[in-house]
Amino acid sequence: EEARRAAATLRRVFVGVGAAAVVFLLIIGGLRVRSSWRAATIQAALARSDWQAALTLDPDNVDALIGQAKAKLSAVPHEIDGALAALGRAAKLAPGRKDIDLVRAAAWLKRAVDAAAADRIDDATKALDQAKRYTDDARELQTGRQAIADVWLKRAVDAAAADRIDDATKALDQARRHTNGERDLEAGRQAIVSAWLRRGRIAAEKSDAKTTATAAKEATAAGATAEATAPLRARAMMFEAADMISRDQVTDAATRAIEASLIDLSVTKSVLTAAANVPLKQAVARQFRTRFDAALADRDWDQALKI
């Protein structure tokens with residue numbers, strides 16, 4: 001009897017263990033099915049670029065975080081803060097992934113371009129510096145650099161138009177730091193040249209010899225052609241000639257006036273025809289006569305005819 005009871009008890013134990021094993025296997029199987037379903041669902045979400053769906057199932061999915069960041073950068077307006085937050089989380093989960101750094105660089109470059117467009121040049125420069133932390137590819141960085149250069153170039157043009165030539169020159173130097181092409185700076189250079197020529201003409205009208213000469217010199221340094229500065233250079237030399245006449249330096253005055261005529265004859269003539277410059281005109285005539293006689297004496301007929 002005791003043997004039968006022991007056998008019955010043993011059978012019940014075996015049945016219980018078997019049932020538990022079946023339940024365990026069913027649970028494991030269910031978990032595996034659920035895991036497979038979850039993985040397949042995440043992959044499907046990634047394939048259709050449904051980043052939020054993927055992140056709902058797996059908040060630590062790095063590919064989904066990168067995709068979400070790219071989507072935010074493509075949005076209008078750009079969601080740069082959100083993109084950087086997603087990328088920051090991705091970088092913590094997968095440090096060293098190059099594609100994360102490339103998207104980070106793109107985010108900061110977009111911020112630089114947006115800030116430059118709003119004329120917030122300090123913010124744009126800081127954003128560009130941040131982009132440089134994640135890429136050293138000059139081609140990648142060129143978009144941000146050019147946006148900043150364009151702002152500085154506009155400031156140079158505006159400053160030159162307002163006759164703030166020092167400010168214009170400094171702005172043009174800043175633009176030069178951010179662009180690879182000198183041709184892109186042409187508008188700024190021309191604006192500065194025009195400002196110097198304008199300042200020189202105003203000085204000439206006021207008989208300000210020093211400022212006229214300085215303006216001609218600075219315009220040349222800024223890229224003005226010899227033809228463009230000729231009237232100012234000739235006018236400055238005629239001012240010097242008139243000053244020499246007033247100090248009784250007749251020969252030097254006549255020589256300087258003749259040099260001015262070789263630069264711009266029309267300016268020289270207009271100055272000599274003024275009533276106040278009769279002594280200078282007479283000195284020039286005498287100088288020409290002296291040169292003419294010397295050419296005749298030397299039988300230099302070509303030079304005589306030229307004089």
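The following dialogue discusses how to read several features of this predicted model.

Reader: How many helices and strands does the protein contain?

Author: The protein has 15 helices and 0 strands.

Reader: What share of the residues counts as buried?

Author: Burial is judged by relative accessible area, with under 20% as the cut-off. Of the 307 residues in the protein, 36% are buried by that criterion. The accessible surface amounts to about 18,500 Å², and carbon and sulfur atoms contribute 56% of that surface.

Reader: Which residues of H4 are buried, and against which helices do they pack?

Author: The buried residues of H4 are Ile 80, Ala 83, Leu 84, Ala 86, Leu 87, Gly 88, Ala 90 and Ala 91. They pack against helix H3 (62-74) and helix H5 (98-117).

Reader: Is Leu 232 buried or exposed?

Author: Leu 232 has a relative accessible area of 5%, and because this is under 20%, the residue counts as buried. Leu 232 belongs to helix H11, residues 226-246.

Reader: Which residues are in contact with Leu 232, leaving aside its neighbours within four places in sequence?

Author: With those neighbours set aside, Leu 232 is in contact with Trp 196, Leu 197, Gly 200, Arg 201, Thr 212, Ala 215 and Ala 216. Ala 213 and Leu 232 stand 19 residues apart in sequence, while their C-alpha atoms are 6.8 Å apart in space. Across the protein, of the contacts between residues at least 6 apart in sequence, 51% join residues at least 24 apart.

Notes:
Residues numbered from 1 in each chain as written. Predicted model: local features only at pLDDT ≥ 70, side-chain atom pairs only at ≥ 80, totals over all residues. Heavy atoms only, no water. Buried < 20%, exposed > 50% of the residue type's maximum accessible area, 1.4 Å probe, protein only. Helix = DSSP H or I, 4+ residues; strand = E, 2+ residues; numbered from the N terminus. Contact = heavy atoms within 4.5 Å. Areas by Shrake-Rupley, 256 points an atom, 1.4 Å probe, with all protein chains shown as cover.
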